[in-house]
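Biologist: Could you walk me through this one while I have it open on my screen? I'd like to start with the strands and then jump around a bit.

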Amino acid sequence: MTGPTRLPGPSAPGPSAPARRWLADLAWLPGQGLRRDVLIEAADDHFTTVTPAASATPSASVAPSTPERLRGLTLPGFANAHSHAFHRALRATTQGDRGTFWTWRDRMYEVAARLDPDSYLQLARAVYAEMALAGMSCVGEFHYLHHQPDGRPYQDPNAMGHALVQAAAEAGLRITLLDTCYLTGGLDKSGVLPMSGAQVRFSDGDASRWAARAEALAPDSRGLLAPHARAGAAIHSVRAVPPEHMHPVVAWTAKRGIPLHVHMSEQRAENDASQAIYGVSPTRLLHDEDVLGPRTTVVHATHVNSADLALLGRAEVFACLCPTTERDLGDGLAPVRPLAAAGCRLTLGSDSQAVVDMFEEARGTEYAERLARRARGHLTAETLLRAATSTGHVSLGWPDAGEITPGAWADLVTVSLDSVRTAGADDELALETAVFAATAADVRSVVISGRDVVRDGVHLLVPDVPAELSRSIRAVLG
């Protein structure tokens, strides 16, 4: 098996999208909040003009054609800042017994061992289509299934990564491929553990060979792999990458100014092992190895103390929260307000795909803080939506996305305000209705890079997403 079959077609977001015009009943605009009757115009894949109150004061640039009407609330596209696409095959299958994070991980390794480039393409395309249905226009794929199950490289050493890039194109999404360095089997109080079982396919042997393979992805000077795809990198965790192997990863990302992501302090056991072996917390270890900085996203940061928070804030990192996964695995409650107060920029991710719903991730972030503090009202709906949109896109290397403004990528998500979940509230509370009541099922239309991807709740490129999910997951699980 050398890699997935390359399929022709117009599904990849690109510069050839036609000029478009929409008139949104309600739209959320940067610096303006909710505005009515917003005329939104785009050429190719970027917005050109955005005109509020257009029905009363038409834009001078308005063409004679009638704009498409967007009923409900229109938002920018969501950025899923942390995804493991193949985990979608685990949904429900790990709920049959009580288990722990570690027994869940064993089941995850079983699925990882069964994938090849073709089956991964099929599964990831269905998962990314599910994300598009939920309003996600960009995904950060934390990718470490690099090699064959026995650890030998494919004929194309990046066959699995190319499958993910193609899957995103066929589902209509943009993607940041966070190629992950993963070198050891874990860390416990006795020391660094060797790779075993399914883990052997994750490893390049050392960080220099990881960098050589990542370079073979051939990103351009700005990190682009394709019009819809951008390169990034990840250090899996302090459990999987010894300190001396972190430097080549940091250097590779610094060369192009591209994103660097890392799992950090998801479990207390990780903190305990890091303290026992290295004498410091994971945060301090990453700081001392120059991993932390304004291009860095720390994922989870669930178990951090005040000294860790000070380091994270000074480094101006992004902190990616994944509440549905963190609840599912019993990780704990991330210190949301302290992270934000320290200066960390919050983003959101679906992680294990326990649920693919950015509204659920957004309200879960606030609700976790309410549980921890036993008080309400820590993050506003606008703050949570910024985490889901503009800040998430910046963390993935797409700073010109996530806002409905001239020059930004033409991504639009329209949410129903008259479903059984959202009906009844005043329009002035549309953002609160979306964040605290809507679900992915309320997303009615999605435009990504100027192209219709979802219309009336139907994916236009993958018409039967449930069937695709069922087929691809059963093929993997056997």
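Biologist: How do β7 and β11 pair, parallel or antiparallel?

Modeller: In this predicted model, β7 and strand β11 (residues 229–235) pair in the parallel sense, and seven bridges are found between them.

Biologist: How many residues of β7 are buried?

Modeller: Eight of the eight residues in strand β7 (residues 174–181) are buried, so the strand is largely enclosed by the rest of the structure. In a regular strand the side chains alternate between the two faces of the sheet. For β7, both faces are covered, with Arg 174, Thr 176, Leu 178 and Thr 180 buried on one side and Ile 175, Leu 177, Asp 179 and Cys 181 buried on the other.

Biologist: Back to β6 for a moment. Is His 143 buried or exposed?

Modeller: His 143, which lies in strand β6, has a relative accessibility of 2%, and it counts as buried because that is under the 20% cut-off. Its side chain makes a polar contact of 3.5 Å with the side chain of His 146.

Biologist: What is His 143 in contact with, leaving aside its neighbours within four places in sequence?

Modeller: The contacts of His 143 on that basis are Tyr 120, Met 160, Gly 161, Leu 164, Leu 177, Leu 178, Asp 179 and Thr 180.

Biologist: Let's change topic to the nonpolar core. Which residues have the most contacts inside the largest one?

Modeller: Those are Phe 86 and Tyr 128, in a core of 127 residues. Helix α2 (residues 117–133) gives this core its largest share, which is ten residues. There is also a second, separate core of 15 residues, and Ile 40, Phe 47, Ala 408 and Ala 410 are among them.

Biologist: Which residues do ring pairs link into a cluster?

Modeller: The cluster is made of Phe 86, Tyr 109, Tyr 120, Tyr 144, Tyr 182 and Phe 202.

Biologist: Where is Arg 88, and is it buried or exposed?

Modeller: Arg 88 is in the loop between β5 (78–83) and α1 (101–114), and it is buried, with a relative accessible area of 12%. Leaving aside its neighbours within four places in sequence, Arg 88 is in contact with Val 127, Glu 130, Ser 352, Gln 353, Leu 469 and Ile 473.

Biologist: Now the backbone. What is phi at Ser 265 and at Glu 316?

Modeller: Most residues other than glycine have a negative phi. Ser 265, however, has a positive phi near 55°, and Glu 316 has a positive phi near 60°. Ser 265 sits in the loop between β12 (260–264) and α6 (268–278), while Glu 316 sits in the loop between α8 (306–315) and β14 (318–321). Ser 265 is buried at 1% relative accessible area, whereas Glu 316 is partly exposed at 44%.

Biologist: Last one: what is the strand order in the open sheet of eight strands?

Modeller: The order is β3-β2-β1-β4-β16-β17-β18-β19, with mixed pairing. The edge strands are β3 (46–51) and β19 (458–459), each of which pairs on one side only. Within this order, strand β16 (residues 412–415) pairs with strand β17 (residues 443–448) in the antiparallel sense over four bridges, and Leu 412 stands opposite Val 447 in β17.

Methods:
Residues are numbered from 1 along each chain as its sequence is written. This is a predicted model: local features need pLDDT of at least 70, side-chain atom pairs count only at pLDDT 80 or more; totals for chains, interfaces and linings use all residues. Side-chain values use heavy atoms; hydrogens and water are left out. A nonpolar core is a set of buried Ala, Val, Leu, Ile, Met, Phe, Trp, Tyr and Cys residues joined through side-chain atoms within 4.5 Å. Buried means under 20% relative accessible area, exposed over 50%, partly exposed in between (1.4 Å probe, protein chains only). Helices (H or I, at least four residues) and strands (E, at least two) are DSSP runs, numbered from the N terminus. Two strands pair if DSSP finds at least two bridges between them. A polar contact is a pair of N or O atoms within 3.5 Å; within protein, one must be able to donate a hydrogen and the other to accept it, and residues adjacent in sequence count only if both atoms are side-chain atoms. Contact means heavy atoms within 4.5 Å. Rings of Phe, Tyr and Trp (its six-membered ring) pair if their centres lie within 6.5 Å; planes under 30 degrees apart count as stacked, over 60 as edge-to-face and the rest as tilted.
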